[in-house]
Each structure stands twice: as C-alpha cells, then as structure tokens.
Amino acid sequence: MKPRIVELSDKKLVGHSLKMSLANNRTFNLWSGFMPLKRHITNAVGSELYSVQVYEKFPDAESFNPNTEFEKWATVEVSEYTEYAEDFKTLNLKGGMYAVFIHKGLPSEFKKTMDYIFLEWMPDSDYKLDHRPQFEVLGEKYKNNHPDSEEEVWIPIQLK
C-alpha cells in the first residue's frame with residue numbers, strides 16, 4: 001500500500017463536529033445528525049464527504065491511547081462561507097503535504113490501515129507527521145459498512 005504524496009491547497013469545509021475518543025466513539029451520532037441536513041449546504045464543491053480529526057495537542061505514538069480526545073468533523077467542501085442554518089460550523093483545512101492511502105474494506109478493519117501507516121510506512125519513509133488535521137475522503141467508491149468500500153486516508157506529513 002504505497003501512498004501518493006500530494007500538495008493540498010487550503011479548503012473551506014462546513015459541517016458538524018463532536019468531541020470524542022476511540023474509547024468513546026460517537027462517529028455514528030455525528031454522521032447520522034449531519035447527513036439528513038447536508039442538503040441545506042447549497043454551495044458544496046463536489047459530492048465527496050470529509051471526515052476530519054482535529055487534535056488539540058497532536059499525540060505521538062507513545063502518548064496516543066484509546067482515551068485521547070479529538071474533535072471529529074462530518075463535512076463537505078464549499079466554494080465560500082455563507083450563512084448556514086441547522087447549527088453548521090466552518091472549518092478551515094490548512095493545505096500542505098499529505099500522504100494519501102486507500103483503505104479498502106469495512107470500518108472494523110480501519111485499524112489495520114492505520115497500523116500500517118504509522119508503524120510500518122512512516123518510520124521507514126522520508127517523512128514525519130505534521131501537526132495538521134488528518135482526514136478521510138468518502139467519495140464515489142465509499143459504501144458505508146460494505147466489504148468493497150474504499151476511502152482515501154489523508155495523513156499530514158513533512159520531510160524529516
């Protein structure tokens with residue numbers, strides 16, 4: 001699973017967010033609250049969904065544990081910020097260099113992908129983690145809870 005390295009431009013995202021941890025995973029609540037309302041965002045760019053994780057203090061491999069809190073976002077990209085109803089919030093996604101991996105399979109298999117990225121690929125690469133949000137792009141190949149599902153995993157990186 002070799003990533004492609006991408007220089008991403010800044011993005012404007014609109015959606016909902018919730019504080020959570022892996023031990024207190026509220027992803028289902030977040031997306032089930034967002035999906036019925038996303039039709040109210042009339043200036044979306046494309047049809048992709050963005051699942052973004054924002055850490056207040058970026059954890060390293062030693063300090064990360066199942067109780068590490070982060071803010072998870074369910075969003076779409078927009079052309080510009082306007083007035084939004086339904087408690088939508090805005091998130092400026094700062095551009096930069098990202099390693100983009102493809103996760104194939106069920107959400108329950110996502111840990112295998114993340115273990116590969118952080119325990120195998122990253123230590124052997126010319127890159128280290130950068131303190132910017134990590135996110136997944138849920139595009140046309142994404143099929144919720146389906147073994148044939150595919151999503152892009154965007155990991156913020158910088159040269160070592």
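A residue is called buried when its relative accessible area is under 20%, exposed when that area is over 50%, and partly exposed in between, as found with a 1.4 Å probe and protein chains only. By that rule Asp 130, with a relative accessible area of 18%, is buried.

The structure is a predicted model, in which local features need pLDDT of at least 70 and side-chain atom pairs count only at pLDDT 80 or more, while totals for chains, interfaces and linings use all residues. Residues are numbered from 1 along each chain as its sequence is written, and side-chain values use heavy atoms, with hydrogens and water left out.

Rings of Phe, Tyr and Trp (its six-membered ring) are paired if their centres lie within 6.5 Å, and planes under 30 degrees apart count as stacked, over 60 as edge-to-face and the rest as tilted. Trp 31 and Phe 34 form an edge-to-face pair, 5.8 Å centre to centre with 80° between the planes. Both lie in helix H1 (residues 27–34), three residues apart, or about one turn of the helix, where helices (H or I, at least four residues) and strands (E, at least two) are DSSP runs numbered from the N terminus. Trp 31 and Phe 34 are both buried. Tyr 98 and Phe 135 are also edge-to-face, at 5.3 Å centre to centre and 65° between the planes. This pair links distant parts of the chain, with Tyr 98 in strand S6 (residues 96–104) and Phe 135 in strand S8 (residues 134–138), 37 residues apart. Tyr 98 and Phe 135 are both buried. Trp 31 and Phe 34 also form one aromatic cluster with Tyr 84 and Phe 88.

The side chains of Arg 4 and Glu 152 meet at 3.4 Å, N to O. Arg 4 lies in strand S1 (residues 4–8) and Glu 152 in strand S9 (residues 150–159), so the pair ties together parts that are 148 residues apart in sequence. Arg 4 is partly exposed at 40% relative accessibility, and Glu 152 is partly exposed at 22%. Glu 77 forms a salt bridge with Lys 11, the closest N and O atoms being 3.1 Å apart. Because Glu 77 lies in strand S4 (residues 70–77) and Lys 11 in strand S2 (residues 11–20), this pair ties together parts 66 residues apart in sequence. Glu 77 is buried at 14%, and Lys 11 counts as buried at 17%.

Definitions and conventions: A salt bridge is a side-chain nitrogen of Lys or Arg within 4 Å of a carboxyl oxygen of Asp or Glu.
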